[in-house]
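Here are my notes on this one, jotted down as I went through the model. Have the viewer open while you read.

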Amino acid sequence: MAAQKPTLKTIKIFDTTLRDGEQSPGASMNIDEKLRVARQLQKLNVDVIEAGFPIASEGDFEAVKKIAQAIKGPEIAGLCRASSKDIDRGWEALQYAGEKGRIHTFIATSDIHMKYKLKMTPTEVLAAAVKAVKRARSYTPNVEFSCEDAVRTSLPFMAEVVAAVIDAGATTVNIPDTVGYTIPFEYFNIITYLKENVANIDQAVISVHCHNDLGLSVANSIAAVQAGAGQVECTINGIGERAGNCSLEEFVMTLKTRSDILPFRTNVVTEQLTPASRLLTTVTGIVVQPNKAIVGANAFAHEAGIHQHGMLMEKTTYEIMTPESVGLKTNVLVLGKHSGRHAFKKRLEEMGYDLDDEMLNKAFERFKALADLKKEVFDEDLDAIVADEEGMRGEEMYKLSHITVTSGSFAVATATVQMEIEGKPVRTAELGDGPVDAALKAIKKLTKTKAKLMQYNVGSITGGTDAQGEVTVRVGDGDRTVIGRGSSTDIIEASAKAYIHALNRLHYKKEKVVEHL
Ligand code: KIV
Ligand code: ZN
């Protein structure tokens with residue numbers, strides 16, 4: 001008789017890429033970009049999408065509202081501080097998700113945060129938490145409460161707060177490691193303590209939310225589910241404040257790969273992990289390190305001869321999960337210059353893109369132009385084309401029309417740049433210390449911006465001298481930093497596009513009024 005498989009407990013995946021993830025330096029996304037990521041999260045089949053922090057800005061409010069209207073399947077959460085104003089504004093955006101709308105309210109409970117940041121006593125914090133949860137419950141039965149900096153909170157006080165918010169109607173209680181300080185053994189004990197010392201704990205789902213300051217966010221999340229947590233908060237590619245959050249793909253694949261000793265599962269469609277990772281990279285410009293687990297470029301590359309030999313004899317010698325299980329199709333030769341619109345559209349759909357007609361037409365034109373220059377067009381080229389076109393879409397303030405550069409070892413580099421600024425054509429020329437410097441100076445002059453170029457990276461998307469160059473820039477203005485990205489077979493044009501992309505993002509970010517914590 002075949003051995004019976006043990007039943008696996010389902011762990012809810014709460015994705016906060018669009019909220020905590022967006023708090024990564026340079027990761028701000030506009031509304032269209034957030035909607036694209038949310039659609040991919042829907043395909044991934046996460047249980048909850050935290051779509052933003054509605055009171056933070058008009059842009060955040062609109063993004064949460066549009067995601068609540070458009071996304072079917074996952075619950076949609078919005079972050080609100082423990083104040084009536086935040087919660088009222090939060091629900092204004094979340095109401096469009098109906099019974100799938102979740103208010104996520106929080107207040108810090110550690111001594112250090114209460115004393116120095118909130119300047120409130122524990123009694124005041126407890127009262128504010130209960131009041132916030134009650135207010136949220138007046139709108140929806142789906143309420144999550146977070147004890148910010150839970151890991152540095154006194155355990156008896158946290159147990160008191162957790163019991164009180166569950167009494168007030170919270171259906172999920174989150175125990176975040178806000179500063180990425182805990183270790184697996186300690187976190188296991190904290191969750192165990194709450195299970196043993198909060199009488200009504202069974203009336204709520206225990207959630208965990210780990211930051212990665214010590215590189216332990218995935219390990220800590222696993223320890224927490226072993227102790228009884230039922231929800232894990234995480235982000236695609238592990239992006240988030242400072243060193244980031246628990247990486248969704250790492251957590252999910254750990255449960256899937258080690259279900260022999262971890263009796264848990266998730267609802268995530270793992271074949272959508274690589275498309276999700278790539279989409280986020282193209283949208284934010286934040287590249288994944290090559291050795292990143294699951295979605296890094298080298299995650300399934302076997303270099304050493306002895307490994308390759310073993311792999312040829314039997315894949316499982318060195319492979320603990322298959323590339324297909326995470327949706328990886330490497331270096332697929334997609335199309336050439338004779339490929340038609342239908343094949344182009346089909347390939348984009350296979351890669352997880354769902355473009356409207358306008359975008360599809362623009363992307364197809366770009367593809368045809370590229371296929372004329374380059375014999376072989378790869379998936380990575382298509383990612384870059386879509387990212388570029390999306391980056392230039394809609395409400396962009398600045399657009400590049402043409403760029404001409406002359407340079408050489410004996411010539412002073414000169415760039416002539418023509419742009420559209422709010423629809424008006426403008427043109428200028430500048431000299432520079434090399435062609436990129438000249439081009440960026442001309443753009444700076446035309447846009448009258450004071451932003452500082454903090455980092456400039458150039459790479460090639462695929463191999464060969466006909467490859468597209470991809471430029472990523474980090475640009476700062478005061479305390480705001482953004483990343484811009486551009487691609488072209490001409491690296492000066494790619495640089496100009498990346499810089500303009502960043503300036504558009506800075507412009508969008510200017511309206512943010514409330515910082516997270
Ligand atoms: O890190 C944190 O504590 C948070 C909370 C708002 C959940 O992001
Ligand atoms: Zn966080």
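1. The barrel. Eight strands make a closed barrel, in the order S2-S3-S4-S5-S6-S7-S8-S9, and the pairing is parallel. Ignoring direction, neighbouring strands of this sheet are turned by 25° against each other on average. Keep in mind throughout that this is a predicted model.

2. One strand pair in detail.

3. Which strands does helix H5 touch? H5 (residues 122–137) packs on the sheet against S5 (101–108) and S6 (143–148), and its direction makes about 170° with that of S5.

4. The zinc site. The zinc ion (ligand 2) is coordinated by Asp20 through OD and by His209 and His211 through NE2, at 2.0 to 2.2 Å. Along the chain, these donors follow the spacing D-x188-H-x1-H. Asp20 sits in the loop between strand S2 (12–15) and helix H1 (31–44), while His211 sits in the loop between S8 and helix H8 (217–227), so the pair ties together parts that are 191 residues apart in sequence. Both Asp20 and His211 are buried.

5. Thr178. This residue is in the loop between S7 and helix H7 (184–197). Is Thr178 buried or exposed? Thr178 counts as buried because its relative accessible area is 10%, and the cut-off for that label is under 20%.

6. The domains. The protein chain is split into domain 1 (9–284), domain 2 (300–330), domain 3 (333–390) and domain 4 (398–511). Taken over C-alpha atoms, the centres of domain 2 and domain 4 are 40 Å apart.

7. Thr447. Another threonine to look at is Thr447, in helix H15 (residues 435–447). With a relative accessible area of 9%, Thr447 is buried. A polar atom of its side chain lies 3.4 Å from the backbone oxygen of Lys444, and a polar contact of 2.8 Å links the side chains of Thr447 and Thr449. What else does Thr447 contact, leaving aside neighbours within four places in sequence? The list is Tyr398, Met419, Ile421 and Leu503.

Technical notes:
Residues are numbered from 1 along each chain as its sequence is written. Chains are lettered from A and ligands numbered from 1 in the order in which they are written. This is a predicted model: local features need pLDDT of at least 70, side-chain atom pairs count only at pLDDT 80 or more; totals for chains, interfaces and linings use all residues. Side-chain values use heavy atoms; hydrogens and water are left out. Two strands pair if DSSP finds at least two bridges between them. Helices (H or I, at least four residues) and strands (E, at least two) are DSSP runs, numbered from the N terminus. Axes are lines fitted to C-alpha atoms, for helices over the stretch in contact, and angles run from 0 to 180 degrees between N-to-C directions. Contact means heavy atoms within 4.5 Å. Domain bounds come from an automatic or database domain assignment. Buried means under 20% relative accessible area, exposed over 50%, partly exposed in between (1.4 Å probe, protein chains only). A polar contact is a pair of N or O atoms within 3.5 Å; within protein, one must be able to donate a hydrogen and the other to accept it, and residues adjacent in sequence count only if both atoms are side-chain atoms. Donors are N, O and S atoms within 2.8 Å of the metal (3.2 Å for Na, K and Ca); water is not among the atoms, so sites may look incomplete.
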